[in-house]
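Here is a short report on one protein chain. Look over the sequence and the model, then read on.

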Amino acid sequence: MNKNEKEANKPVRVVFYGRVSTEHEAQISALDNQMDWYRDLAARHPEWTVVGQYVDEGITGTDASKRPSFQRMVEDAKAGKFDTIVTREVSRFARNTVDALNYTRDLKKMGVEVYFVADDIRTMSGDGELRLALMATLAQEESRKVRERVMSGLAVAKEKGVLLGNGNIIGYDLDKANNTYVINEEQAETVRMIYELYASGLGMEKVAKVLMERGRKDGAGHVKWDAS
């Protein structure tokens, strides 16, 4: 067995990182599919010991500082809890070129490699950073184009008086007859409570816990809350 083969078969502590950018049910299902894909991948790598996974739901990919699981993953990397981060593609990791390069450089200094499977990029390899910069730039540009298309569509809808949403906005009821939303006072009280709790210094998970303790109902009428 040569040196490269020995390196490839060396035991590695691995974590997975997955993200979806919206809270729509279809996207959450896509996240489940992502994690199944990672598990199937791990089964083909007997040298991997999977020690955890980090998932961000309903959170933008353009700013890594706004992704709590991503930030927790970086802190765990500093603590030496794993050797490699496996993520499906560069756009799942970051759509901001600066973020992608800065975080992978910092992780590399900690001795942690990032493996972008679909892009076949390993940050510890010789050309890893160059290839990452190219892919991250493409991902960032695609994100910008998507944002422009969305904003343009919203502007046109506003001009035409099109009512956006399907009526599942907590704090409001859909008035189809008048093509508008009206305040739902009971739900509005919950919305105000969320803002007040957060403004008082509670984190998202603690806010969700308080809402559960107080029996506050979500938009579907269930006493079920989580950080996302």
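Which residues does F116 touch, not counting residues up to four places away in sequence? They are T87, R88, E89, V90, F93, T104, I121, T123 and L132. Note that the model is a predicted one.

**Overview**

The protein chain has eight helices and seven strands. Of its 228 residues, 33% are buried. Among contacts with a separation of 6 or more, 53% join residues 24 or more positions apart. The chain exposes about 14100 Å². Carbon and sulfur atoms supply 51% of that area.

**Cores**

F116 also belongs to the largest nonpolar core, which has 23 residues. F116 is listed there with F70, M73, F82, I85, F93 and L107 as the residues with the most contacts inside the core. Several elements give two or more residues to this core: β1 (12-19), α3 (68-78), α4 (90-93), α5 (97-109), β4 (113-116) and α6 (128-160). Another core lies apart from it and has eleven residues, among them V12, V14, F16 and A42. In general, nonpolar side chains in soluble globular proteins tend to be buried together.

**Strand β3**

Strand β3 spans residues 84-87 and is covered on both faces. T84 and V86 are buried on one side. I85 and T87 are buried on the other. Side chains in a regular strand alternate between the two faces of the sheet.

β3 pairs with β1 in the parallel sense, over four bridges. β3 also pairs with β4 in the parallel sense, again over four bridges. I85 takes part in both pairings: V15 is its bridge partner, and V114 in β4 stands opposite I85.

**Salt bridges**

The count of salt bridges comes to eight. Three of them are shown here.

| Pair | N to O distance |
|---|---|
| E75 and K78 | 3.3 Å |
| K81 and D76 | 3.4 Å |
| E189 and R192 | 3.7 Å |

E75 is partly exposed, at 44% relative accessible area. K78 counts as exposed, at 53%.

K81 is partly exposed, at 47% relative accessibility, whereas D76 is buried, at 13%.

E189 and R192 both lie in helix α7 (residues 185-199), three residues apart, about one turn of the helix. E189 is partly exposed, with a relative accessible area of 36%. R192 is also partly exposed, at 39%. E185 joins E189 and R192 in a network of salt bridges.

Note on methods:
Residues numbered from 1 in each chain as written. Predicted model: local features only at pLDDT ≥ 70, side-chain atom pairs only at ≥ 80, totals over all residues. Heavy atoms only, no water. Buried < 20%, exposed > 50% of the residue type's maximum accessible area, 1.4 Å probe, protein only. Contact = heavy atoms within 4.5 Å. Areas by Shrake-Rupley, 256 points an atom, 1.4 Å probe, with all protein chains shown as cover. Core = buried A, V, L, I, M, F, W, Y, C linked by side-chain atoms within 4.5 Å. Pairing = 2+ DSSP bridges. Salt bridge = Lys/Arg side-chain N within 4 Å of Asp/Glu carboxyl O.
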